[in-house]
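Biologist: Could you take me closely through the sheet of this model, strand by strand, and then through what packs around it?

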Amino acid sequence: MPPTPIIPLISVLIPTFNDDIFIANCLDCVISQTMADIEIICIDDGSTDSTPEILREYALKDDRIRYIIKPVNQGVSDARNDALRLANGKYFLYVDGDDLMDENLLKKAYLLAVSTDSDIVMWDYLTFNNYSEISEKKNKNSDLKPEDSNDKVALLQRPAFSWMKLVKTATARSLGISFPKGLIREDIPVHWHLLTSVDKIAIIPEKLSYYRQNPSSLTHKNDRTVLDIAAIMDIVKAYLISNNLYNIYKNEFLRQQINLLHGMYDNINEEFKADALILIKDRFSQEQLLFIKQNNVVRKQAKYFYLGLAANRFYKVIYWGWVALRGIYRNLTSYIIV
């Protein structure tokens, strides 16, 4: 009779794409975790560099590592969805191929999840360019508080990164968690879906994930893909409406939608601004206008932008004056640095 397979406590899911500069460091960080009862599932999304060879090398050294090499790039959402389908662990978390984590993250998150019977455990993160920054930043106080576990709006306001959550696998599957294909900022709908659906969330108020500031990552793009933000927020709204949650979370949704769509327009390359403006106008209604007039929770520049769209010449002048002054400041700063 064959032995009963051992179910790992945690599945670490790593989508990779042309990460050969960083993936070895990432894998070293995962396999050296103080919790050893894990599986590591790597989905390579059609890399054209040496990432697949590095994955094969590491899988030979550590039998907890499994990998799939896709022949063509299909996007990070597909890779994440594939990894979740393959997960055997009682809990899972995502790790990006260029990021790192505290060596005790998995143990701390798992023990808290079990002791509180939580569906999700969340923690804080730090950003780094050089490894030397990590030791300095990781012990700084986090603004994430244990009591936030009972305030879903406060948690929705946290960054939506998937690698800041340990999630019960059975819960994610029962909810049908899936990343939208072909879009950037794909973490946002999953963030909303998970946090508004689960019963128990626990918090570790520590900076345990280390987010590399990689200028080639999708979060730093300003090309046409930035327009995806409009569709991403449409997905969130449709989810809230279909689950009778929109009225509960309407104010937070509107705050994020208004700020994100303005940020989309503000950051995108000049050649795509007209397209961005069309998307914004298509979604600009009396609901958004009333929210902007009655609340101070949107960024000032976003408020001036939208009020200018509503044919208020005063705010239109203020907004474009702010844009001009910012441009002057950036040019001066660049000149001084050079």
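Modeller: In this predicted model, strand β6 (residues 120-128) pairs with strand β7 (residues 165-168) in the antiparallel sense over three bridges, where a strand is a DSSP run of E of at least two residues and a helix a run of H or I of at least four, both numbered from the N terminus, and where two strands pair if DSSP finds at least two bridges between them. Within that pair, V121 stands opposite L166 in β7. Local features need pLDDT of at least 70 and side-chain atom pairs count only at pLDDT 80 or more, while totals for chains, interfaces and linings use all residues. Residues are numbered from 1 along each chain as its sequence is written, and side-chain values use heavy atoms, with hydrogens and water left out.

The two strands belong to an open, mixed sheet of eight, in the order β3-β2-β1-β4-β7-β6-β8-β5. β3 (65-69) and β5 (100-101) form its edges, and each has a single partner strand, so one side of each is without a neighbour in the sheet. On its other flank, β6 runs parallel to β8, to which nine bridges join it, and the bridge partner of M122 in β8 is I203. Strand β8 (residues 201-212) has ten of its twelve residues buried, so the rest of the structure largely encloses it; buried means under 20% relative accessible area, with exposed over 50% and partly exposed in between, for a 1.4 Å probe and protein chains only. β5 and β8 pair in the antiparallel sense over two bridges, with L100 opposite Y210 in β8.

Elsewhere in the sheet, β1 and β2 are parallel partners over seven bridges, and P15 has I43 in β2 as its bridge partner. Seven of the seven residues of β1 are buried: I10, V12, I14 and T16 point one way, S11, L13 and P15 point the other way, and all are buried.

Helix α1 (residues 23-31) lies across β1 (10-16), β2 (38-44), β3 and β5 and runs at about 180° to β1, the axes being lines fitted to C-alpha atoms, for helices over the stretch in contact, with angles from 0 to 180 degrees between N-to-C directions. Helix α2 (residues 51-61) lies across β1, β2 and β3, at about 155° to β3.

As for packing, the largest nonpolar core has 61 residues, and L240 and M264 have the most contacts inside it; such a core is a set of buried Ala, Val, Leu, Ile, Met, Phe, Trp, Tyr and Cys residues joined through side-chain atoms within 4.5 Å. Its largest share, nine residues, comes from helix α10 (residues 246-267). Apart from this core lies another, of 43 residues, including L27, V95, L105 and Y110.

L183 lies in the loop between α7 (169-175) and α8 and, at 18% relative accessibility, counts as buried. Leaving aside neighbours within four places in sequence, L183 is in contact, meaning heavy atoms within 4.5 Å, with S77, D228, A231, I232 and I235. The C-alpha atoms of L183 and G75 are separated by 8.2 Å, although the two residues are 108 residues apart along the chain.
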